[in-house]
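Subject: Structure for you to look at

Hello,

I am passing on a structure that you have not worked with before. Please open it and read the notes below alongside it.

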Amino acid sequence: MKKCCILFVVMNMVSLTSWAMAPVEKHMLYVSQGMSDFYMFQLSNGDKRYFRQFQEHQALATHSEIKIKGIENLKLTEEWRSLNSRLQQIEFKNDEVFVAGVLRRQYREYLTNLYLAVTKENASEHSQEDVVDKIQLLTAMLGARTLDVASDYYGPGSLTDHDNLFEAEKATQQVSKDISWLMSQEISQVNKSSLRKLSLKFNFIRGNLVDYHSQTPYFLIYKNMNSMHKILTENNLERLVVSE
C-alpha cells in the first residue's frame, strides 16, 4: 500500500515537468531537489517528512535517469544507481542523522558532474521556455549546494576545486538576469505576477545562496525554494495547456 502511494505521488510529480525538459535536465532537477530534502532531513535531526520527500525525488530521478541516452552519459547513470542505493541507508548516531564524509563527497561530486553535463549540452537557450527551465535548474542547484554546505561539519572549507566549478555567484546573477529578461518580454509565456513573486522570493534568500560563511536560515531557504519551484511548475502547466 505504501509503495502504491509513493508511486501515485511520483507519477503526479512527473506530470508537472515532463512536458519540456530533456531527461538529463529532469534528472539534474530531481537530484538537486532530493539533495535538499536529504540535508534538511539531517539538519532537522531526522524529521521523517523530509526523508519521504527525499524518497519521492529519488524515485523521480531514477525514472528520468532510465531515459538518458548517449555514451557520454553512461558513466553518470552507472554512478547514480550505486549512489542512490547507498543514500537510502541512513545512519543514526546519538539521535542525530549521520552522513559519512565519503558519501557526502560522492553525492556532491555527482551533482556537480550533472550540472557540467547539462550546461555543456545547453550552451545557449532558444526560447522563453528554455529560460524558465534554466531558472528552475539553477535555483534547485543553488538550494542543494547551500543546504549541503550548511549541514557539513567543515562548512565551505569542504568544497574542492571541482565542487567550485559550480559558481554560486555567477548562477545567482544568471537567475536574476533571466527573470528580468522574462519580465521585459512584451508577450510573455510566464505570468508577470508570478515572475514578480519569483523575483521577491529569490532576492530574499539570494545572499545566503552565495555567502556560505553566513548563518544559514536553512528552513527559510528550503521553504522559499519549494515556493519558487511551485511557481515555475504552475506556469509550465499553463503553457502546456496553451500549446495543446
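**Helices H2 and H3**

H2 passes H3 in a left-handed crossing. This is a predicted model, and the notes should be read with that in mind. Helix H2 covers residues 23-43 and helix H3 covers residues 48-65; their axes come within 8 Å and cross at roughly 165 degrees. Angles over 145 degrees count as roughly antiparallel, so H2 is roughly antiparallel to H3.

On the H2 side they include Pro-23, Tyr-30, Val-31, Phe-38 and Phe-41, and on the H3 side they include Tyr-50, Phe-51, Phe-54, Leu-60 and Ala-61. By class, the contact has 11 nonpolar, 7 polar and 4 charged residues. Lys-26 and Asp-37 in H2 are among the residues that meet H3, and Lys-48 and Glu-65 are among those on the H3 side.

**The loop between them**

Asn-45 lies in the loop between H2 and H3. Its phi is near 55 degrees, a positive value in a residue other than glycine. Most residues other than glycine have a negative phi. Asn-45 is partly exposed, with a relative accessible area of 48%.

Ile-135 sits in helix H6, which spans residues 128-151. The relative accessible area of Ile-135 is 0%, so this residue is buried. Leaving aside residues up to four places away in sequence, Ile-135 touches Val-175, Asp-178, Ile-179, Leu-182, Leu-198 and Leu-232. Val-175 is 40 residues from Ile-135 in sequence, yet the two C-alpha atoms are 5.6 Å apart in space.

Asn-224 belongs to helix H9, residues 218-243. Buried means under 20% relative accessible area; Asn-224 has 8%, so Asn-224 counts as buried. With residues up to four places away in sequence again left out, Asn-224 touches Lys-201, Phe-204 and Ile-205.

**The chain as a whole**

The secondary structure comes to 9 helices and 2 strands. Along the sequence, these follow the pattern α-α-α-α-β-β-α-α-α-α-α. The chain has 244 residues, and buried residues make up 47% of them. Of the contacts between residues at least 6 apart in sequence, 77% join residues at least 24 apart. The chain exposes about 12800 Å², with carbon and sulfur atoms supplying 54% of that area.

Regards

Definitions and conventions. Residues are numbered from 1 along each chain as its sequence is written. This is a predicted model: local features need pLDDT of at least 70, side-chain atom pairs count only at pLDDT 80 or more; totals for chains, interfaces and linings use all residues. Side-chain values use heavy atoms; hydrogens and water are left out. Helices (H or I, at least four residues) and strands (E, at least two) are DSSP runs, numbered from the N terminus. Buried means under 20% relative accessible area, exposed over 50%, partly exposed in between (1.4 Å probe, protein chains only). Contact means heavy atoms within 4.5 Å. Axes are lines fitted to C-alpha atoms, for helices over the stretch in contact, and angles run from 0 to 180 degrees between N-to-C directions. Angles under 35 degrees count as roughly parallel, over 145 as roughly antiparallel, 65 to 115 as roughly perpendicular and the rest as oblique. A crossing is left-handed if the near helix is turned anticlockwise from the far one by less than a right angle, and right-handed if clockwise. Ala, Val, Leu, Ile, Met, Phe, Trp, Tyr, Cys and Pro count as nonpolar, Asp, Glu, Lys and Arg as charged, and the others, Gly among them, as polar. Accessible areas come from the Shrake-Rupley method with a 1.4 Å probe; for residues, only the protein chains shown count as cover.
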